[in-house]
Amino acid sequence: MQTVGERVLSGMQPSGALHLGNWQGALANWVRLQDQYRCFFMVADWHALTTRYQNTETLPELTREMVIDWLAAGLDPERAVIFCQSWVPAHAELALLLGMITPLGWLERVPSYKEKLRELAHREVHSYGFLGYPVLQTADIALYRARWVPVGQDQVPHVELSREVVRRFHALYGEGVLVEPEPLLTEANVLPGLDGRKMSKSYQNTLTLRESPEAVRSKVATMVTDPARVRRSDPGHPEVCPVFQLHRVFSAPDQVAEIDQACRTAAIGCVECKGRLAAAINRALDPLRERRAYWEAHGRSVGDILKAGSAAAQAEAAKTMEAVREAMSLSPQRLMGGDGG
Ligand code: TRP
Ligand code: SF4
């Protein structure tokens, strides 16, 4: 299904160890895409600074842990360009230029801007960089002429803004320099955490990808279930049970159907049901454990991978920047008598 030449770019802020929700929501999709397109996967460390500029000393470790999880999940530096935003300074140059043509009103209208501003009011995020978050994100995408941007629903307004900015660039300076990006939505399940709320690091209800088999078992054992099922003999309602939602993702379809039936008729108890879920999650995580062991024992270090990836990214970015400078009459040749004299 590969459309020759079409590119994919996505990024994640360095957030340390990833959890099952990050994996199923985004990372698993990245792994599939790396065989279908030329892919660029980026550690968005400058984006992290928009809200976390006070404690930058944690960034290297958060980056290292996250990238190891990318590799464990199956991202392959031989097949995709895995790089670090701040190591490719062209992101800053393009963000500056695109910032010149982005109306303030467009940025103030981005839904996540107003939301976050309210949410983080106490953290002094009312900065120039924070308002410019989507401009930087546009530069990330446009720099690689990426057509597809795999993101979750929450990021769609950002990609739409990126498309508007690219259109405006073309209207001002000529068509064909950049590529209008589109969100690539996967039908991603939002996974419930141990407490039944959305799985999220900030709720401390996660199962991480580096959980040991025993930890998976003991944490799953603490999960909330159908609150109406008090006694073992009470029939359950799988449709309201977070354990069942995870079964849907990690257990085989025939198993899911059987558990659905057995829960409704009280033929299975929650303890057994959770034991089966833990086993299914452990089976899904086993290949990640193997790849993690490989990268930790024999693989190149995360630093080496990001360095090589950033050099490859830089080479691509340089081509785009040359075209951008040319289109905006900023290239030195313009002052050197036409043919470069
Ligand atoms: N804003 C994205 C997030 O927080 C991360 C990101 C930065 C990104 N630059 C990007 C995603 C470019 C897609 C494309 O999840
Ligand atoms: Fe949930 Fe399974 Fe218990 Fe049913 S048996 S309530 S699906 S944990």
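Which helices each supply at least two residues of the shell around ligand 2? The first legend answers this for the predicted model.

**View 1. The shell around ligand 2 in the predicted model.** Helices α11 (242-250) and α13 (270-297) each supply at least two residues of this shell. Four cysteines, Cys 241, Cys 263, Cys 270 and Cys 273, are among the residues that surround ligand 2. Thr 225, Asp 226, Arg 229, Val 243 and Phe 244 also surround the ligand. By class, six residues of the shell are nonpolar, one is polar and two are charged. Ligand 2 takes up the space of the largest cavity.

**View 2. Residues and elements around ligand 1.** The shell around ligand 1 holds 14 residues. His 47, Tyr 133, Gln 137, Asp 140 and Gln 155 come nearest to the ligand. Both β1 (7-12) and α8 (133-142) supply at least two residues of the shell. The largest share comes from α8, with four residues. Seven residues of the shell are nonpolar, six are polar and one is charged.

**View 3. Polar side-chain atoms beside nitrogen atoms of ligand 1.** Tyr 133 places a polar side-chain atom 2.7 Å from a nitrogen atom of ligand 1. For Gln 137, an N or O atom of the side chain is 3.0 Å from a nitrogen atom of the ligand. Gln 155 has a polar side-chain atom 3.1 Å from a nitrogen atom of ligand 1. Taken alone, ligand 1 exposes 360 Å², and the protein buries 88% of that.

**View 4. The salt bridge between Glu 93 and Arg 325.** Side chains of opposite charge can pair when their charged atoms come close. Here Glu 93 forms a salt bridge with Arg 325. The closest N and O atoms of the pair are 2.9 Å apart. The model has a count of 24 salt bridges.

Terms used: Residues are numbered from 1 along each chain as its sequence is written. Chains are lettered from A and ligands numbered from 1 in the order in which they are written. This is a predicted model: local features need pLDDT of at least 70, side-chain atom pairs count only at pLDDT 80 or more; totals for chains, interfaces and linings use all residues. Side-chain values use heavy atoms; hydrogens and water are left out. A residue is near a molecule or strand if one of its heavy atoms lies within 4 Å of it. A polar contact is a pair of N or O atoms within 3.5 Å; within protein, one must be able to donate a hydrogen and the other to accept it, and residues adjacent in sequence count only if both atoms are side-chain atoms. Accessible areas come from the Shrake-Rupley method with a 1.4 Å probe; for residues, only the protein chains shown count as cover. Ala, Val, Leu, Ile, Met, Phe, Trp, Tyr, Cys and Pro count as nonpolar, Asp, Glu, Lys and Arg as charged, and the others, Gly among them, as polar. On a 1 Å grid over the protein atoms alone, a cavity is a set of points where a 1.4 Å probe fits but cannot get out, and a pocket is an open set with protein on both sides within 12 Å along at least five of seven lines; lining residues have an atom within 4 Å of a point. A molecule sits in a cavity or pocket if more than half of its atoms lie within 2 Å of its grid points. A salt bridge is a side-chain nitrogen of Lys or Arg within 4 Å of a carboxyl oxygen of Asp or Glu.
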